[in-house]
Amino acid sequence: MNYTKKLFRKKDIYNLEKTDELFVKAMKENATFQYNNCADYKRILDDFSFNPEALDTTSHLARLPFIPTLYFKHHHLQSIPANKQVIKATSSGTSGSMSKIGFDLKSLLRGLDMVIQVGKYHKLWSIKPTNYIVFGYQPTKTNKTAVSKTAYGFTLFAPAKSRTFALEMTDNGYKLLWDKVLKALDKYSKSKLPMRTIGFPAYTYFFLRDLKEKGIRYKMPKGSMITLGGGWKQFYAEKVDKQDFYALVKEVLDIDEDHIVEFFGAVEHPILYTDCKCHHFHVPIYSRVIIRNPDDFSPVEHGKIGLVNLMSPMIHSAPLLSVMTDDLGILHKEKCPCGASSPWLEIIGRVGVSDIVTCAAGADEYLNK
Ligand SMILES: [Zn+2]
């Protein structure tokens, strides 16, 4: 995995042009490995008469068969033995419809390289002890969701003075432990150390809205940060305008907009997308994004809405090279004032249930072609 390793060590993390050639080489290297080590993947590529050895140009990337995330929810794909998979992660969701992905040490080391560079670029690393509120649930042996693992991972960007987990798993899903979080927030507001929150935007929003309604206001210590990850999930209907959200954070916690950072990623595509100061998710060098027409999966132009197809050579232990999400999005090519040169991905929402059925049917059709 020499090319992939090289790619993940690069420092200029939003310079796609400079890494295009290396990216294609890394994709070819990984596709060939998956083809030779994962029977299901070989079958899929063979069905499309796609020879991974022939992957030579960026335009060729669009022809690499993609695998819908839905497929991972029903098939466990792996290319290395189970005993070499050091971490097994699942997507969030009800049991029976989760993707289970095993990650080996090689993949995790690539992930670490990425997190180090992304954290540097976005100034997330700090040596100052920090109090954390995690709008997620405490990781346990039975809870293998990637979201709980990554939320915990984010508490490593700055040394943790303390961690408060805000969600509890109940039979009806997650419950926000309101009193526990309020008590922690009250304590942290009086500390000289910065506070960071991390977690689902919806829970962060519900909590802050409640505080506002109750007339509770804090002035959080200097350097405090709100970080968001995991998307809005089942709360799309509640999705608030970003500017309203930032105004709410400022009003209730006195934290400025430039200290609100959002992340995006998926268990089937564990790349760390981090929004810039203009709150755009630029595509980092570790991945490429193709927006496809939902009807025939042909790539659409920049600026047009479609299904989000994510590509990366990062994972060694499973064929996650090209993954079709059920997210609708737009890839923007306009110049961003933040200075990052790569296009940025706007997630518009998840396709509706009826659309998912169509999509699933389409994907099935696609895979059975
Ligand atoms: Zn930007």
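Visitor: In this predicted model, how are α1 and α2 oriented to each other, and how should I read that from the angle at which they pack?

Guide: An angle between N-to-C directions over 145 degrees would count as roughly antiparallel, and one from 65 to 115 as roughly perpendicular. Helix α1 (residues 2-9) and helix α2 (residues 16-37) pack at about 140°, with their axes 8 Å apart, and the two helices are therefore oblique to each other. Their crossing is left-handed.

Visitor: Which residues make the contact between α1 and α2?

Guide: From α1 the contact is made by Y3, T4, K6 and L7, and from α2 by T19, L22, F23, K25, A26, E29 and N30.

Visitor: Turning to α10, which of its residues are buried, and where do they lie around the helix axis?

Guide: A residue counts as buried if 20 or more other C-beta atoms lie within 10 Å of its own. In α10, F245, V249, V252 and L253 are buried; seen down the helix axis, the buried residues fall within an arc of 85°, so they line one face of α10. The face turned away from that buried side carries the exposed residues Q243 and D244.

Visitor: What covers the buried residues of α10, and what follows the helix?

Guide: The cover includes α9 (201-213), β8 (225-228) and β9 (260-266). Helix α10 itself, residues 242-253, reaches 16 Å from its first C-alpha to its last, close to the 16 Å expected at 1.5 Å a residue, and is followed by D254, whose phi is positive, near 60°.

Visitor: How many helices and strands are there in the protein chain?

Guide: The chain has eleven helices and 15 strands, and of its 369 residues 41% count as buried.

Key:
Residues are numbered from 1 along each chain as its sequence is written. This is a predicted model: local features need pLDDT of at least 70, side-chain atom pairs count only at pLDDT 80 or more; totals for chains, interfaces and linings use all residues. Helices (H or I, at least four residues) and strands (E, at least two) are DSSP runs, numbered from the N terminus. A residue is buried if 20 or more other C-beta atoms lie within 10 Å of its own, exposed if 12 or fewer, and partly exposed in between; C-beta atoms are placed from the backbone. The expected span of a helix is 1.5 Å times one less than its number of residues. The arc is that of the directions from the helix axis to the C-beta atoms. Two residues are in contact if their C-beta atoms, placed from the backbone, lie within 7 Å. Axes are lines fitted to C-alpha atoms, for helices over the stretch in contact, and angles run from 0 to 180 degrees between N-to-C directions. Angles under 35 degrees count as roughly parallel, over 145 as roughly antiparallel, 65 to 115 as roughly perpendicular and the rest as oblique. A crossing is left-handed if the near helix is turned anticlockwise from the far one by less than a right angle, and right-handed if clockwise.
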